[in-house]
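Reader: Please take a close look at a single part of this protein and describe its surroundings with care.

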Amino acid sequence: DGAAASPELARLSGVGPKMIAALIAAGYDSLARLAAANPEDLTSIKGLGTIKAHKIVEEAQGLVSSGE
């Protein structure tokens, strides 16, 4: 279960355990790494489109910058 592997990533809204597992497998195992990611790079992950990738990166940036 991806959420158990990364409670930090589980805080992203609309991102379920399967997507969390896919993000971790692709090397995005923390909010900081997602915040620094290029959304276009995330679209190589199966099931993750451009709009969702941008939302994930923006939300991660917000969580990192607010210190949550």
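Author: Leaving aside residues up to four places away in sequence, S30 touches E8 and L9, a contact being heavy atoms within 4.5 Å. The model is predicted, so that local features need pLDDT of at least 70 and side-chain atom pairs count only at pLDDT 80 or more, while totals for chains, interfaces and linings use all residues. Residues are numbered from 1 along each chain as its sequence is written, and side-chain values use heavy atoms, with hydrogens and water left out.

S30 lies in the loop between α2 (17-25) and α3 (31-35), where helices are DSSP runs of H or I with at least four residues, numbered from the N terminus. At 15% relative accessibility S30 is buried, a term that means under 20% relative accessible area, as against exposed at over 50% and partly exposed in between, with a 1.4 Å probe and protein chains only. The side chain of S30 also reaches the backbone nitrogen of R33 at 3.1 Å.

R33 in turn forms a salt bridge with D29, with 3.4 Å between the closest N and O atoms; the term stands for a side-chain nitrogen of Lys or Arg within 4 Å of a carboxyl oxygen of Asp or Glu, and by this rule the count is one. Both partners are partly exposed, D29 with a relative accessible area of 38% and R33 with 48%.

As for the setting, the protein has five helices and zero strands, and 34% of its 68 residues count as buried.

How values were computed
Helices (H or I, at least four residues) and strands (E, at least two) are DSSP runs, numbered from the N terminus. A polar contact is a pair of N or O atoms within 3.5 Å; within protein, one must be able to donate a hydrogen and the other to accept it, and residues adjacent in sequence count only if both atoms are side-chain atoms.
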